[in-house]
Amino acid sequence: MAWTKYQLFLAGLMLVTGSINTLSAKWADNFTAEGCGGSKEHSFQHPFLQAVGMFLGEFSCLAAFYLLRCRAAGQSDSSVDPQQPFNPLLFLPPALCDMTGTSLMYVALNMTSASSFQMLRGAVIIFTGLFSVAFLGRRLVLSQWLGILATIAGLVVVGLADLLSKHDDQHKLSEVITGDLLIIMAQIIVAIQMVLEEKFVYKHNVHPLRAVGTEGLFGFVILSLLLVPMYYIPAGSFSGNPRGTLEDALDAFCQVGRQPLIALALLGNISSIAFFNFAGISVTKELSATTRMVLDSLRTVVIWAVSLALGWEAFHALQILGFLILLMGTALYNGLHRPLLARLSRGRPLAEEGEQERLLGGTRTPINDTS
């Protein structure tokens, strides 16, 4: 199947913005600048403020939704309108999961490399599969169980690569281990989010952009309000700001004022998540969900290559093996092998008739597949 220029543009947009999302967040973490009150120069470690920015990017998807609805006004296409009324509060529980998981991942990104961060996010397959069996009554086929086992093996290899890699003053071994564990913990919460979306949200047939934007609105408002108590909650060595609190948003703004490139990195993170969600949804609609998953895997390669080129991390051959095993696990779990086998045995095209529908269970991605 030949791709049109528009489809190529969407695929490229998803790959580029998805990569920028993680790279820009890591770029911001690598900056050092003076904080408020003449505090000495220190790293920009403000994961909760970065999470607020991410939700702001998701929130902007609501603007895209209403623009599409205005464009569709007067036309026969009603795909941007929900098929039945729904209560926006249905998005609150998934938004709380998203808020918690995203915050944990931004904390972890301060402790580990961008490539390991992206690879370890593949652990979501394990917990999504188990939770879908436990809470949605879904039965997994043999290839999905094999995919889960392969993913576990891939995670072990990636973790081993982190243990054996050289560690500098910025990423000590204890911090890397803690960061990797936090990423995996975050995937448990992301899996819960996906189960909640599947059980309570998707049955209302809400447009994906509206779903992403609504969750972004809840996450932005709630986490912004939580920044106030976080300013006073002591966090000890876990804190990355001079005051030793859970989050110091004022210190972050002072650092941004003294190092404008941090603002550029944050802006890249906010804008990339908005375009990434739009591009991902459009790729699923215009091409297939399989194409979206392949592109999502490719951005791990892009992130890894850019990180190596910029000297953010050292090359370790075990990461290649770990990535390949994780890729195989993802392919098996999501059934990417089935259309390929069908094409080889029967001459069928790779994009089968049902692929452009929303994916269910293990083959479905969360409505706000971030970072």
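The UniProt record, an unreviewed entry, places the feature "transmembrane region" at residues 48–68, 89–108, 120–138, 145–164, 176–196, 216–233, 261–281 and 293–312. The structure examined here is a predicted model. Two of the annotated spans were compared with the model. Residues 216–233 are 83% helix and 0% strand, and the end C-alpha atoms of this span lie 25 Å apart. For residues 293–312 the figures are 85% helix and 0% strand, with 26 Å between the end C-alpha atoms.

The secondary structure of the protein chain consists of 14 helices and 2 strands. The chain has 371 residues, and buried residues make up 52% of them. Among contacts with a separation of 6 or more, 81% join residues 24 or more positions apart.

The mean pLDDT of the protein chain is 85, and 86% of the residues score at least 70. Confidence is highest in helix α2, at 95, and lowest in helix α14 (residues 337–346), at a mean of 68. Residues 350–365 have a pLDDT below 50, and this stretch has 37 contacts in the model beyond near neighbours in sequence.

Helix α2 covers residues 47–59. Its 13 residues reach 18 Å from the first C-alpha to the last, close to the 18 Å expected at 1.5 Å a residue. Of these 13 residues, 11 are buried, and the helix is thus mostly covered. The buried positions are P47, F48, L49, Q50, A51, V52, G53, M54, F55, G57 and E58. The cover over these residues includes parts of the chain from both sides of α2 in the numbering: α1 (5–29), α3 (61–72), α4 (92–109), α9 (208–230), α10 (249–258) and α11 (260–286).

D29 is found in helix α1 and counts as buried because its relative accessibility is 2%, under the 20% cut-off. The side chain of D29 makes a polar contact with the side chain of Q50, at 3.4 Å. The two residues are 21 apart along the chain, and their C-alpha atoms are separated by 9.8 Å.

With neighbours within four places in sequence left aside, L223 is in contact with F48, A51, V52, F55, M99, S103 and M230. The largest nonpolar core has 60 residues, and within this core F44, L223 and L227 touch the most other members. A second, separate core has 7 residues, including F86, F91, V206 and F218.

Helix α4 contains T102. This residue is buried because its relative accessibility is 3%, below the 20% limit. A polar atom of the T102 side chain lies 2.8 Å from the backbone oxygen of D98.

Helix α12 (residues 289–309) has 21 residues and should span 30 Å at 1.5 Å a residue; the distance between its end C-alpha atoms is 31 Å, so the two values agree. The buried residues of α12 are A289, T290, T291, R292, M293, L295, S297, R299, T300, I303, W304 and S307. An α-helix has 3.6 residues a turn, so residues three or four places apart point the same way. The cover over the buried residues of α12 includes α1, α5 (114–120), α11 and α13 (317–334). After α12 comes G311, which has a positive phi, near 75°.

A191 lies in helix α8 (residues 173–201) and is buried, because its relative accessible area is 0%. The C-alpha atoms of A191 and A123 are 9.4 Å apart in space, while the residues are 68 apart in sequence. G37, by contrast, is placed in the loop between β1 (32–33) and β2 (42–43). This glycine is exposed because its relative accessible area is 86%, over the 50% cut-off. Between G37 and D251 the separation is 214 residues in sequence and 8.8 Å in space, C-alpha to C-alpha.

Terms used. Residues are numbered from 1 along each chain as its sequence is written. This is a predicted model: local features need pLDDT of at least 70, side-chain atom pairs count only at pLDDT 80 or more; totals for chains, interfaces and linings use all residues. Side-chain values use heavy atoms; hydrogens and water are left out. Helices (H or I, at least four residues) and strands (E, at least two) are DSSP runs, numbered from the N terminus. The expected span of a helix is 1.5 Å times one less than its number of residues. Buried means under 20% relative accessible area, exposed over 50%, partly exposed in between (1.4 Å probe, protein chains only). Contact means heavy atoms within 4.5 Å. UniProt positions are given in the numbering used here, feature names are shortened, and annotations may be inferred rather than shown by experiment. A polar contact is a pair of N or O atoms within 3.5 Å; within protein, one must be able to donate a hydrogen and the other to accept it, and residues adjacent in sequence count only if both atoms are side-chain atoms. pLDDT is the predictor's confidence in each residue, from 0 to 100. A nonpolar core is a set of buried Ala, Val, Leu, Ile, Met, Phe, Trp, Tyr and Cys residues joined through side-chain atoms within 4.5 Å.
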